[in-house]
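Q: Please take a close look at the aromatic side chains. Then carry on to a few other places worth checking.

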Amino acid sequence: MTQNRLRNVELASFCTQCALLYGSGSNIETGLGLVVQSFPALKNSDVLVDFKEHHRLSRALSNTHLFDELMVQSLALAEELGREETILEKLALFYERKQNRRDALWDLLYLPFILFTVLTLLVNVMVWVVLPIFQSIFMQVGGTYPFWLGLMLNGVKVFAVVSLVLLAIGMIFALWINIRYLQDKRRNDLLDTLLAWMPKTSYALDLAFFSFEAEICFEVGYQSQSAIGLVLNTLAQRRLYKMLKKVELVESDGLIDLILKSEIYDALETNTLKIAYATGRLDRTMTGVAQRVQRQASSQMENTLNRLEPIAIGILAISVGSVLVALLLPLLQAMQVLGF
């Protein structure tokens, strides 16, 4: 079993605390000891020993294998430039956004799942428990089903069985994904797996993730071929990753060349980045681009939620309504036969 890395919320908190240390001008070694005590996963590590010996936080964090490559590499460059506080603040915001994105996606998927589960259980109870009782009473009084009603009833029964099977398969699949993720948190968790089935939403989120990574790289002046490898290694292998991998680069090209040649942004933003690169204001401009892309990703998630909710409610209404019709019409006919 590989060693699990810190969660996004822990990484954001760690970066925030370290940024405060560097910004306050206090003794880093003493302050780092207090920071380490806040994280159980770091208490038994050699972070303090390594930092005392080499005075390089990036090296000490790398040796723990609890921090991702983006954080270690960015911090290493920040130490060379003396910009630890700025980069740690950026990284804290980056991991905070990642966590917020995941929370928002869970909220996005939670309601449709609950609606589908309620729909499945309700329809199956009505079809296999309630409906046979009404059918028995109806047949005893000499009632007969019209063809269209029998067809509707058979359709609802098929839907009840299929939905129950799908729910069981989904739960087994989710359990299997979670077990694999708990064994090795470098694997995709359930949320990343589900994102593959929502291409527009996953692309918007991946673009926001990539944009913020690029912003950090530009902030520390990290634009070489190695920066491209760093960003691609931390990007989910979905549509955006494939688009970037297809770009043909020469040896002298860096991260900005990858961005401009891939045309992943619209024409206006691409042209703005070209001007920013020519005028030496790439880091500030990329910050604005990353913020706009983040807003677009949030909007895309909201749009997806707005589509999923009516669809789930509509399916629930049609299915339950069909079962109620199959129950009420025979009941009315039986009441007429009995003279009520």
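A: Phe-14 is buried, and Phe-39 is buried too. Buried means under 20% relative accessible area, exposed means over 50%, and partly exposed lies in between (1.4 Å probe, protein chains only). This is a predicted model, in which local features need pLDDT of at least 70 and side-chain atom pairs need pLDDT 80 or more, while totals for chains, interfaces and linings use all residues. Residues are numbered from 1 along each chain as its sequence is written, and side-chain values use heavy atoms, without hydrogens or water.

Now the rings. Rings of Phe, Tyr and Trp (its six-membered ring) pair if their centres lie within 6.5 Å; planes under 30 degrees apart are stacked, over 60 edge-to-face, and the rest tilted. By this rule there are seven aromatic pairs. Phe-14 and Phe-39 form one that is edge-to-face, with 5.6 Å between centres and 70° between planes. Phe-14 lies in helix H1 (residues 8-24) and Phe-39 in the loop between helix H2 (28-37) and helix H3 (40-43), so the pair ties together parts 25 residues apart in sequence. Helices are DSSP runs (H or I, at least four residues), numbered from the N terminus.

Phe-173 and Trp-176 also pair: their centres are 6.3 Å apart and their planes at 45°, so this pair is tilted. Both lie in helix H8 (residues 147-183), three residues apart, about one turn of the helix. Phe-173 is partly exposed at 27%. Trp-176 is partly exposed at 47%. Elsewhere, ring pairs link Phe-94, Tyr-95, Phe-209 and Phe-212 into a cluster.

Next, the cysteines. A disulfide is a pair of cysteine sulfur atoms within 2.5 Å. The structure holds zero of them. The sulfur of Cys-15 has its closest cysteine sulfur in Cys-18, at 6.8 Å, too far for a bond. Cys-15 is buried, at 0% relative accessibility. Cys-18 is buried as well, at 1%.

Last, Glu-219. Glu-219 belongs to helix H10 (residues 199-219). Glu-219 is buried, with a relative accessible area of 10%. Which residues does Glu-219 contact, leaving aside its neighbours within four places in sequence? They are Arg-83, Thr-86, Ile-87, Lys-90 and Asp-283, where contact means heavy atoms within 4.5 Å. Asp-283 is 64 residues from Glu-219 along the chain, yet their C-alpha atoms are 5.2 Å apart.

Note on methods: Helix = DSSP H or I, 4+ residues; strand = E, 2+ residues; numbered from the N terminus.
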